[in-house]
Amino acid sequence: MLELLYSISPPAGGLAVGRSSKDFFNFMVKVDKSNQRVQRMFGQIASNYDRMNHLLSMNVDRYWRWRTVRKVSPSGDAPILDICTGTGDLAFAYCRKAGGRVPVFSADFTREMLQIGEKKKRRKSIYQNVRFIEADAQQLPFDDDTFQIVSVSFGLRNISDTDRGLREMARVCQPGGKVAVLEFSKPGWQPFKAFYDFYMNRILPKIGQFFAKNEEEAYSYLPESVSEFPDGQRLVDRMHGNGLINGRYYPLTGGIATLYVAEKPA
Ligand SMILES: C[S@@+](CC[C@H](N)C(=O)[O-])C[C@H]1O[C@@H](n2cnc3c(N)ncnc32)[C@H](O)[C@@H]1O
């Protein structure tokens, strides 16, 4: 959640690379989703990330991860991979769900986020099978067909090449295994949408600006980041276009977030 406040602000140097764009003062300004920028951003907010996440989502993010591990449950002994794992909350949820018996690999390319995850790991012995790995989601250091589940929560939108990220998830997933994507989406029901827009546009950036010790400026660009990322069937279609089948999606909390589930052909 917190990343929304930052990933959407215009780059310090003006022009940038990436896929998102906005007609800004009649110029096409692109949001910088380069690895360096994303790493720098998350490196800066890592120490506050968990606290802000829970605050800004009013703790609903915990419920979303809980739903994810229930819907896409581990079975058997094959390992699980969580990419863009950040401080590891979804990886820990998978570890708990599997009773600590299954190896869970937790991959991210921002070292500061992984370091917080390592600290959290040390607090509970059940997490000893969680292993943090520094890796780019677009180039995963794992063999084909390795994991029973490959998951990502609130990370796919930050990967500069969404399709490449999805292809890598599919590649390392076992045939017949599952890919789970938890991501923000747009609520459909109008009265709720009005409240959501108000919160996203007016409230959340102010709370974020007030609390986060981040040099980057929170920006009104926030809602656009969510609104321009594919959701619902469009994201399912992207999953299907990148080696996955039988995609389904489950809107959560009025559609603020959506869980996408697809399979790798057996
Ligand atoms: C919003 S955080 C999500 C963290 C965590 N999954 C959660 O649910 O709270 C996004 C994470 O994606 C990571 N990330 C973005 N692009 C990445 C890439 N190409 N490779 C690896 N990690 C990436 C960032 O470093 C950051 O930790």
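In the predicted model, the ligand is surrounded by 21 residues, of which Cys84, Gly86, Thr110, Ala137 and Ser153 are the closest. By residue class, this shell comprises nine nonpolar, eight polar and four charged residues. Helix H2, spanning residues 35-56, and helix H4 each contribute at least two residues to the shell. The largest share, three residues, is supplied by H2.

Helix H4, which runs over residues 89-97, is mostly covered, with seven of its nine residues buried. The buried positions are Asp89, Leu90, Ala91, Phe92, Ala93, Tyr94 and Cys95. Both helices and strands take part in covering these residues: among the covering elements are helices H3 (60-71) and H5 (111-122), together with strands E3 (80-83), E4 (104-108), E5 (130-134) and E6 (147-153). After H4 comes Gly99, which has a positive phi, near 65 degrees.

Two packed helices are described by the angle between their axes and the distance between the axes. For H3 and H4, the angle is about 45 degrees and the axes lie 10 Å apart. H3 is therefore oblique to H4, and the crossing of the two helices is right-handed. On the side of H3, the contact is formed by Arg65, Trp66, Thr68 and Val69, while H4 provides Asp89, Leu90, Ala93, Tyr94 and Lys97. Five of the residues in this contact are nonpolar, one is polar and three are charged. Among the H4 residues that meet H3, Asp89, Leu90, Ala93 and Tyr94 also belong to the buried part of H4.

Definitions and conventions:
Residues numbered from 1 in each chain as written. Predicted model: local features only at pLDDT ≥ 70, side-chain atom pairs only at ≥ 80, totals over all residues. Buried ≥ 20, exposed ≤ 12 C-beta atoms within 10 Å, placed from the backbone. Helix = DSSP H or I, 4+ residues; strand = E, 2+ residues; numbered from the N terminus. Contact = placed C-beta atoms within 7 Å. Near = placed C-beta within 6 Å. Nonpolar A, V, L, I, M, F, W, Y, C, P; charged D, E, K, R; others polar. Axes fitted to C-alpha atoms, helices over the stretch in contact; angles between N-to-C directions. Parallel < 35°, antiparallel > 145°, perpendicular 65-115°, else oblique. Left-handed = near helix turned anticlockwise from the far one by under 90°.
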